[in-house]
Amino acid sequence: MPKLTYTTHLGMFDILPDESPKWRALENIIHEEAAKFNFEEIRTPILEQTELIKRGVGQLTDIVAKEIFAFTKGDSNYVLRPELTAPVVRSFVEHHLDQRGGSQKLYYIGPMFRAERPQKGRQRQFHQFGVEIIGSDDPVADVECIAFMMQIYRRIGIKNFDLKINSVGDPESREKYKSVLRDYLKPNFEELSELSQKRFEKNPMRILDSKEPEDQEFIKNAPVIRDYLNEDSSNHFELVCEYLNKLEIDFTIDPLLVRGMDYYTRTAFELTSPDLGSQDALAGGGRYDLLVEEIGGQPTPAVGFAAGMERLFIACEELDIALAPPKEVDVYIVTLGGAARTWGLTTLPKLREHGISATMDYLGRSMRAQMKDANRENANYTLIVGDNELEKGEFTLRNMKESEEDSFTLDGIIAKLA
Ligand code: AMP
């Protein structure tokens, strides 16, 4: 029989022990900054109802049309969540979170799943952190959302990026603009790419973010939505820009920024990094004032963003930013003989109780091999124990970095290291 080999699925990756410290470091930063913003964490299931995602993300989006992992079991349709805005809104509606009062300032961290064609920066299981502020239509909410996003990158030391913003208007402005855009594109309909021709009727604004070469000339000269915003949408956008300026957050207005989801209204934004290559989007978001009602709740305005965690790590690598220090352990107990080994095992908890990280050999190796292992584990100290030391109650503590050693009682060691 051939030997079986098992691997992860295409586009899905293990987070290995050498990588997990940077994940934890990033997660800690997100939790700490979220606490400063008074955002509360929400965790929802990995599996949602397929209908929710179709409805909440939009039938016409690539995500729903091509990229969801879905299956049926019994009478239920399950989908691996491709994003978290629709699930968070589902949770908001299902649990009547509006009754907690005020606006709900929520954040999340977790895996998402999209059946995309994998490439650098584009995976089938990837991770996002993000924020959803539900219940406020004030531009302050838009700007706090953007400020939180920027704060994470700033704290990490990623400073080289482009924040683009636009307004995609409210339904009234958008209907007007869509018809202007159709009128503009119509004479050249036959020359548009096949994809753009398909989008022409239902979703002409998506033509603006087409990457097809034959569309570019028409996109370049297209009318811009800003000229068709009604007063409300226009004022909202002006205030978002003004507040961003007040917070000294640099941005450019990009009239072609429309984003992929159907539920966005008014503010849309995207953060890109020149350090990322072709998949250059670090994060994106915007307002989705129509989604809560779409999913069965009361009309409730909301704004949010989602940021790719793998992309953030790629940018860190390009910039030589280490998010977590190399692994280390305070003490490695090196033992010679059975009695010393038992002493070592029972001393580990005493050290740990004082906040000192401690380990020992699990393989019954020679002293020499244990010293080598202590180096590999990046131990700051080795505590060396044999029969003589046990008898005297004094142990050799070797500073591995300085290559110096001295004798101490166990209490002396604890006092020195705790
Ligand atoms: P979206 O939910 O599509 O607006 O994506 C938000 C962010 O998630 C993007 O800016 C990327 O940083 C990240 N992202 C989206 N799709 C993927 C993917 N397939 N692989 C890795 N990161 C992704």
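User: Why is Thr396 called buried?

Analyst: Thr396 has a relative accessible area of 14%. Buried means under 20% relative accessible area, exposed means over 50%, and partly exposed lies in between, with a 1.4 Å probe and protein chains only. So Thr396 counts as buried. This is a predicted model, where local features need pLDDT of at least 70 and side-chain atom pairs count only at pLDDT 80 or more, while totals for chains, interfaces and linings use all residues. Residues are numbered from 1 along each chain as its sequence is written, and side-chain values use heavy atoms, with hydrogens and water left out.

User: Where is Thr396, and which residues does Thr396 touch?

Analyst: Thr396 sits in strand β15, residues 395–399. Helices (H or I, at least four residues) and strands (E, at least two) are DSSP runs, numbered from the N terminus. Contact means heavy atoms within 4.5 Å. Leaving out residues up to four places away in sequence, Thr396 touches Thr382, Leu383, Ile384, Glu389, Glu405, Asp406 and Ser407.

User: What makes Ser403 partly exposed?

Analyst: Ser403 has 47% relative accessibility, so Ser403 counts as partly exposed. Ser403 lies in the loop between β15 and β16 (404–408). Its phi is positive, about 55°, although Ser403 is not a glycine.

User: What is the phi of Arg266, and why does Arg266 count as buried?

Analyst: Phi of Arg266 is near 50°. That is a positive value in a residue other than glycine. Arg266 belongs to strand β9, residues 265–272. Its relative accessibility is 12%, so Arg266 counts as buried.

User: How do you know that Ile165 is buried?

Analyst: The relative accessible area of Ile165 is 0%, so Ile165 is buried. Ile165 lies in strand β7, residues 162–167. Beyond residues up to four places away in sequence, Ile165 touches several others, among them Phe237, Val240, Cys241, Leu244, Phe251 and Phe269. Thr7 is 158 residues from Ile165 in sequence. In space, C-alpha to C-alpha, the two are 41 Å apart.

User: What makes Phe92 buried?

Analyst: Phe92 has 4% relative accessibility, so Phe92 counts as buried. Phe92 is placed in helix α4, residues 85–94. Setting aside neighbours within four places in sequence, Phe92 is in contact with Leu97, Asp98, Gln104, Ile134, Val292 and Thr300. Ile42 is 50 residues from Phe92 in sequence and 10.0 Å away in space, C-alpha to C-alpha.

User: Why does Val143 count as buried?

Analyst: Val143 shows 3% relative accessibility, so Val143 counts as buried. Val143 is in helix α5. Not counting residues up to four places away in sequence, Val143 touches Val240, Tyr243, Leu244 and Leu247.

User: Why are α5 and α9 called oblique to each other?

Analyst: Helix α5 (residues 139–156) and helix α9 (residues 231–246) have axes that cross at roughly 45° and come within 9 Å. Axes are lines fitted to C-alpha atoms, for helices over the stretch in contact, and angles run from 0 to 180 degrees between N-to-C directions. Angles under 35 degrees count as roughly parallel, over 145 as roughly antiparallel, 65 to 115 as roughly perpendicular and the rest as oblique. Therefore α5 and α9 are oblique to each other.

User: Which residues meet where α5 and α9 touch?

Analyst: Pro139, Val140, Asp142, Val143 and Ile146 of α5 meet His236, Leu239, Val240, Tyr243 and Leu244 of α9. This contact divides into 8 nonpolar, 1 polar and 1 charged residue. Ala, Val, Leu, Ile, Met, Phe, Trp, Tyr, Cys and Pro count as nonpolar, Asp, Glu, Lys and Arg as charged, and the others, Gly among them, as polar.

User: What makes α1 oblique to α5?

Analyst: The axes of helix α1 (residues 20–36) and α5 cross at roughly 135° and come within 10 Å. That angle makes α1 oblique to α5. On the α1 side, the contact includes Leu26, Ile29 and Ile30. On the α5 side, Phe148, Gln151, Ile152, Arg155 and Ile156 take part. By class, the contact of α1 with α5 has 7 nonpolar, 1 polar and 4 charged residues.
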